[in-house]
Amino acid sequence: MGGTMVGVEEQRVATVDLAVRIEFCHAALQHLADQLGVDLLHIKGIAFEPQWRSRASGGSDADVLVRPSQVKRFVEALEARGWRRRSRFHTGSPFGHAQTYWHDHLGYADVHRFFPGMQPGEETFDALWSDRSEIRLAAVACPVPDEAGQALVHLLNEARNGMTVRRKEGVVELLGAELTAQVEALVGRVGAEVGYAAALGELDRVGDHREHDLWHVVVTRSGRVEEWRARVKAQSTLTAKALTVLRAPLVNTEHLANTRGHPPSVGEVVVEFGDRVRRGVTEIWRSRRRGRA
């Protein structure tokens with residue numbers, strides 16, 4: 001045979017534009033959902049209209065919100081098809097709302113079992129699903145929330161990221177009076193009163209709600225000890241509170257693997273555990289000093 005054989009390691013790998021890869025990631029997730037008969041909504045980033053994106057570029061991953069009763073089936077199917085989990089629901093954020101997955105060809109995807117600021121459950125998903133719209137991504141029809149749903153997700157996400165704290169007048173200016181009324185009607189349907197108050201900079205008016213402290217911690221970027229206290233308070237049952245307390249001192253081994261670039265050794269986990277305890281004690285000591293000042 002003529003010509004020169006090129007080793008795999010010598011082949012040039014084409015670099016795919018991030019926006020294109022994310023679009024195909026959304027399409028692949030939807031294709032799998034269609035195969036399984038799973039309902040999911042594509043949220044944030046390129047799935048949303050430009051005015052409801054936190055970043056003009058559309059972000060760095062594909063986010064989907066899955067019907068709660070179908071989450072287990074969907075993530076099991078993902079993992080059976082080469083997607084590798086990078087974080088768990090309980091360790092991915094203070095809200096415990098999403099798992100992150102990585103695919104060698106498609107990149108990152110965040111699979112949400114609920115959206116932070118909205119009450120978990122079928123009723124919330126149904127409220128968004130019943131008014132859904134549709135966008136085509138990589139030629140695949142992908143369900144998305146309607147405009148009021150997109151606007152509310154945007155406001156809650158901005159508040160969670162500490163990017164904006166708006167007064168009611170600012171929200172009306174951003175959305176317009178008609179869309180603001182639609183968003184506020186949706187707030188009641190999806191139990192987003194506390195998150196919406198955070199977006200308006202009005203957390204004080206929901207101070208008696210069990211989720212108030214968690215949103216306060218998120219918005220103000222408070223310390224980890226305060227965060228875990230708020231997580232416990234936010235739980236709706238004694239069992240959930242107890243489980244949250246038990247998880248608090250544990251090392252997030254998946255996050256450690258992501259930051260180290262390899263599965264952590266027992267020694268690395270022990271060192272990280274000791275560092276967590278040290279940081280927690282230091283934080284409590286500083287907090288008490290401030291209280292006495």
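## Cavity

A cavity is a set of grid points where a 1.4 Å probe fits but cannot get out, and its lining residues have an atom within 4 Å of a point. In this predicted model, one cavity of 30 Å³ or more is present. The largest cavity has a volume of about 50 Å³.

The lining of the largest cavity consists of Leu65, Pro68, Arg113, Phe114, Phe115, Gln119, Gly121, Thr124, Phe125 and Leu128. By class, six of these residues are nonpolar, three polar and one charged. Helix α4 contributes the most to this lining, with three residues. The helix spans residues 122–130 and lies across β1 and β2, running at about 70 degrees to β1.

## Five-stranded sheet

An open sheet is built from five strands in the order β1-β2-β5-β4-β3, with mixed pairing. Strands β1 (40–43) and β3 (84–87) are at the edges, each pairing on one side only. From one strand to the next, the twist averages 30 degrees.

Helix α2 (residues 71–80) packs on this sheet and touches β1, β2 (62–66), β3, β4 and β5. The direction of α2 makes about 20 degrees with that of β4. Within the sheet, β4 (residues 98–103) and β5 (residues 107–112) run antiparallel and are joined by six bridges. Ala98 is placed opposite His112 of β5.

## Hairpin

Strands β6 (residues 133–137) and β7 (residues 140–144) are antiparallel and pair over five bridges. Ser133 has Val144 in β7 as its bridge partner. Together β6 and β7 make a hairpin with two residues between the strands. In the turn, Ala138 has a positive phi of about 50 degrees.

## Second largest pocket

The second largest pocket holds about 650 Å³ of space. Its lining comprises 34 residues, and those closest to the centre are Phe95, Gly96, Arg113, Phe114 and Gln235. Helices α2, α3 (89–92), α9 (212–220), α10 (224–234) and α11 (238–247) are the elements that each give two or more residues to this lining. The lining divides into 16 nonpolar, eleven polar and seven charged residues.

Definitions and conventions
Residues numbered from 1 in each chain as written. Predicted model: local features only at pLDDT ≥ 70, side-chain atom pairs only at ≥ 80, totals over all residues. Heavy atoms only, no water. Pairing = 2+ DSSP bridges. Helix = DSSP H or I, 4+ residues; strand = E, 2+ residues; numbered from the N terminus. Axes fitted to C-alpha atoms, helices over the stretch in contact; angles between N-to-C directions. Contact = heavy atoms within 4.5 Å. 1 Å grid on protein atoms, 1.4 Å probe; cavity = no way out; pocket = protein on both sides within 12 Å on 5 of 7 lines; lining within 4 Å. Points joined across faces, edges and corners; volume = space filled by probe spheres on them. Nonpolar A, V, L, I, M, F, W, Y, C, P; charged D, E, K, R; others polar.
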